[in-house]
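Please keep the sequence and the structure in view while reading.

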Amino acid sequence: MHITAEKIKEAAEALESTELKSFMFQEPTAGPLTRRRRSSRSTGRSRRSTRGTRRSTRRSTRGTRRSTRRSTRGTRRSTRRSTRGTRRSTRRSTRGTRRSTRGTRRSTRRSTRGTRRSTRRSRRSTRRSRRSTRRSRRSTRRSTRRSRRSTRRSRRSTRRSRRSRRSTRRSRRSTRRS
């Protein structure tokens, strides 16, 4: 209930329609000093008119008071509702932002953990591959050394056998000559 200009106009018109306006704008008549006894009819009418104006003014004031009370109550309720709604919306928004931030933190933690693990694994695998290549190189070197040694030994043995053969031939020749 909002107090608008139209309602104020209606209230003013209602006051005008009553006898209050005519009573207000009456000119005060200075009567004679000696009071005359008025007839009972005239006094009864005047009393009735004043009673009616009083009742109408009381009714109008009560109506205006009620309307103002209703309007103030309605505005208070609306403001309370709006404040409650804003509080709820802010709470919801803050909850949603907290949840989203938690999710992002978790996801970032998971991603960082995953990347760390993958990097560790890749480093381990590269180290293992390097070790295996070193071992293979060592083994190849050893095998080549062994093969070289064996070839040298075989060569030496062949040379010795040749020498021994030559010496035996010479000895035979010398025995024949003698």
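## Fold

Helices (H or I, at least four residues) and strands (E, at least two) are DSSP runs, numbered from the N terminus. From the N terminus on, the order of elements is α-α-α, with three helices and zero strands in the chain.

Helix α1 has 13 residues and spans 19 Å from its first C-alpha to its last, close to the expected 18 Å; the expected span is 1.5 Å times one less than the number of residues.

## Model and confidence

This is a predicted model: local features need pLDDT of at least 70, side-chain atom pairs count only at pLDDT 80 or more, and totals for chains, interfaces and linings use all residues. Residues are numbered from 1 along each chain as its sequence is written, and side-chain values use heavy atoms, with hydrogens and water left out.

The average pLDDT (the predictor's confidence in each residue, from 0 to 100) is 77 for the chain, and 79% of the residues score at least 70.

## Burial

Of the 178 residues in the chain, 2% are buried, meaning under 20% relative accessible area (1.4 Å probe, protein chains only). In α1 the count of buried residues is zero.

## Lining of the largest pocket

Helices α1 (5–17) and α3 (40–177) each supply at least two lining residues, and α3 gives the most, with seven.

Key. Buried < 20%, exposed > 50% of the residue type's maximum accessible area, 1.4 Å probe, protein only.
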